[in-house]
Structure formats: structure tokens, C-alpha cells
Amino acid sequence: MIGDIHRRVTRSSVNSLAFFSHSAYVASFEPRDVSHALSDPNWVNAMHEELENFERNHVWDLVEPPPNCRPIGTKWVLKNKQGEDGMVVRNKMRLKEGIDYEETFAPVARLEAIRILLAFAASKGFKLQQMDVKSAFLNGFIEEEVYVRQPPGFESARFPDRVYKLRKALYGLKQAPRAWYARLKSFLLKSGFVIGSVDKTLFLLSRGGDTLIVQIYVDDIIFGGSSHALVSSFAEQMSREFEMSLMGELQFFLGLQIKQGFEGTFVHQAKYTRDILKKFEMGDSKPMTTPMSTNTALDADEDGEAVDQKEFQGMIGSLLYLTATRPDIQFASAFVRVTRRLLGLLTVKRYLKFTLELGLWYSSGSSLFLRGFSDADHAGCRIDRKSTSGTCQLLGTSLVSWSSRKQASVSLSTTKRNPVLQSRTKHIDVRFHFSRDHYEKGDIDLVHVASENQLADIFTKPLEFGTFVRLRGELGVEGVDNALIKGEIESQWAGLMALLV
């Protein structure tokens, strides 16, 4: 069922964001300056741990370099892994090969898929677990013949001129993520899992009426199911096959803070919000009750002060990352990005200061009925008179996908949908005809929604305070305390209704 839900949502959603791990690279050491790291016992211990992982996983063999061999250079890279509270959980040294190590690729779960899984799990009443495969890339087999130089500071005294021939993928090797994904996929399929038809990072296992769901994001794995025995069996199975560095209840994932309870699941980024406000020195600014004033001119700020390009892009990137759990700032962030209004950016930051604890609430009492809302303002941009489209999709009351973006071309009408492409209708995208065809087949039902009930309105224009707060609440954007209280009330109401029936 969850695979079918995900297929319907991703096909209708146009929201696509790139997310980056909080495990940032702090320092790298080339052969010429590795002595700085070798003088610190903490670095040395981390290096030894990394090389011991290589030995346990049979990653390479020390061999004589073949004729015309051009071994790849290596370097040490320090990686700090942080927890939910911002404290360093683990300091790791990664040995990386020296070319193309930023051009890796692996199938990864879309954020919509993560939110669907969270909403589905909350509705079904089971808690999600997480695990982190230790040195995951070292488990992936490679088919190519690859040679690398010996690690800086750990060259063999007996054979200093030899090179390592790789058996398995090394961190930074271009095909390393793909090799690891292939290894994990093969293991899961042999264990009886079925891969998702659309999402290739989703795996399902059915056994005796129970279901186990596994979602992978490179080396981070989320899993849960309707049977505790099935969940425990999977965890033990993974531990026997791979070395694990983290296992337990899902609480912090890709920078998202997750609280799972009986009444539902609350997802937020309060820590990240505090960090960006501190980074951009917003501590003394007055808070705002909405992210954008209704008096804001929807055009470029021609007379505004000059903006530092790098700093402005950093601020915009921070906001885009924050929209992972804050749909209430989606339109304002998109507007600031397009118009480059510094004042608008500061208004959003002041609103965040006023709403630090807001996040998405997924109630355990929510159904899995899929609803979608779509809206557009007509020629709202005063620069080019292009319209802004807004969409959102919910599983019952759980918001799992949304978008706010300016249309690619000027629209002459908000309603004309002629399947014959004429000079005035070429701007109509194929997805509108896709929806039209499915409506005619009876696969979906299209219903007109009055403006006061149009949830997607919050993604197309600035709104006055009362309307904004009402729509924000209907989308499931709550504070943690309000969310828990709301969940308790919903749970009690559901129990009362069950008794009456």
C-alpha cells in the first residue's frame, strides 16, 4: 500500500529539494601536511580504526604496480558526526582517493518518501527504527581494476613502492555509492524483500500477515513494521551481514528531529533554526507573526542595498533546507530567491524567531486517504506577469508533499485547458493533460475548492495573519506541545466514537 501511495504522490508532486548531511568535512590532509594529523593521538586512532575496517572487509591487496600503472592518490579527510543536540557523536577519518571524489552517485530516498513513511508508520501505530552501516562503501564490490597509492603516513616500510589493488569500493571512488547500493539491494532481495516499483530505495517484506518496511538513504537505513519479532529479526540479520555503528529508535535523520509517540509523530528542525538565526546574527531582531507582509511588492528590489552574493546564497540555502518541515515559509523563501529582496529575507528570519518550535504533526488517527490541493495566483509577479503555482498533498491530515514555484511562461487564463496545442496554449504543461486523462478515466476526482478552504493558497501569495495561521494549522504545522495535545484529543475522540459504534 505504501508503494502505491508513494507512486501517486511523487507523480503529482513538483517539489524537489536537495538535502545535505550535517556530517560536514572539517579538514583534509594531503601527503605533504599529514604530519599535523599524525601529531594528534585522536587523529591517529581514527586513522587506525579506518585501516582496520579495510582489513576486516578485505578492501585491498598490496601488490607490485603493473606496467603503465597510474595509481590514484589518496588523502585523509576528517568527518565530525553530530547528534540531535549538536554535540559531536563521533570523530572519523576517511581515506579517500584523490580524483572525482565529489562526483559520486547513488539512488537516495526523496524527502517526500521519508515523510510518507513517517505518516504511514504513525497511522499504522508502529515505531520506526534506524541503523547506520559502519564504513558502508567498503562493502561494495567493484568490477573495474583500480590501484591506489598507500595512505599518507602509513606507507609500508618493507614495500614503500607497492600500491593497493582494490577489491571493494573506497570512499570517494566514483562508483562507490552505486557499488554499495547494489550490494545492499542484492542482500535485501535475497532475504525476501520486494523493491518499490517507483522508489528504488523502498523495500517491503510480507510474512504471515505482517509487513516490514525498509527505506535506505545511502548508509542510513530506516525500518519498521507491524510485528516486533519481524523488526528484531531484520535488525539481527543486518548485524550479521554488516557492521553497525548506530541502531535504535528513529530520532534524528538528515537534520530532521523526530519525536514518535502514541498519539503521533512530530517532525521539526528547531535546532537547525536556532543555528541559522545565530549564524546570521538575528538574536536581537524583533519577531514577526507572518513570514511575509501582504504589503510586500511582488517585484525585484531595484533600489535596495547591494547584497553580498555569497552571504545571500548561504541564507537562501538555509531557508530551502528548512522548508523540509516548514511549508509555512515555502512561498516566502521562493519569492526572496527570485526577487533577491534582502528585506524580505530578514522578514522570514524574524518570523522564524517567533516560531522556533513549529514542525509537522502526523497524527496516529489520520487516515491514508490521499488528497491534493492545487492553486495559482493569476499574473501575480509584477516583473514579468507570470503566475505562481502552489500544490500540496496529504495522507488524511498528514502533509507529505508541497511546492511553490513560478510558472515557466505567462498564462493568459487560469482555466483554459484545451488538449489541442495552439499558439496560445503551448505554455500548458503535459502534467495538466496527465491529470485530465486520469480524471476522464475515473482514477481521480477533481473538486472545486472555495478560496477559504483552499490549502494551497498559502503557497501562492502573502496572506493576512488570521488566514495564514488557519491554513498553517490545517496543513498540520504545529508546535510540539500543541501537537501532542491535539494528538491526545484526537485519540480520545477516536476511542469515544469506537464505543458509540
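Predicted model: local features only at pLDDT ≥ 70, side-chain atom pairs only at ≥ 80, totals over all residues.
Residues are numbered from 1 along each chain as its sequence is written, and side-chain values use heavy atoms, with hydrogens and water left out.

Colleague: How are H7 and H8 oriented to each other, roughly parallel or roughly antiparallel?

Modeller: Helix H7 (residues 270-279) and helix H8 (residues 309-322), both DSSP runs of H or I with at least four residues, have axes 11 Å apart at an angle of about 165°. Angles run from 0 to 180 degrees between N-to-C directions, with axes fitted to C-alpha atoms over the stretch in contact. Since angles over 145 degrees count as such, H7 is roughly antiparallel to H8.

Colleague: Which residues of H7 and H8 make the contact?

Modeller: Contact here means heavy atoms within 4.5 Å. On the H7 side it involves Tyr272, Thr273 and Ile276, and on the H8 side Ser318, Tyr321 and Leu322.

Colleague: What is the orientation of H8 and H10 to each other?

Modeller: H8 packs with helix H10 (residues 342-354) at an angle of about 40°, the axes being 11 Å apart. Angles under 35 degrees count as roughly parallel and 65 to 115 as roughly perpendicular, and this pair belongs with the rest. H8 and H10 are therefore oblique.

Colleague: Which residues of H10 take part in the contact with H8?

Modeller: H8 contributes Phe312, Met315, Ile316, Ser318, Leu319 and Leu322. From H10 come Leu342, Leu345, Val348, Lys349 and Leu352.

Note on methods:
Helix = DSSP H or I, 4+ residues; strand = E, 2+ residues; numbered from the N terminus.
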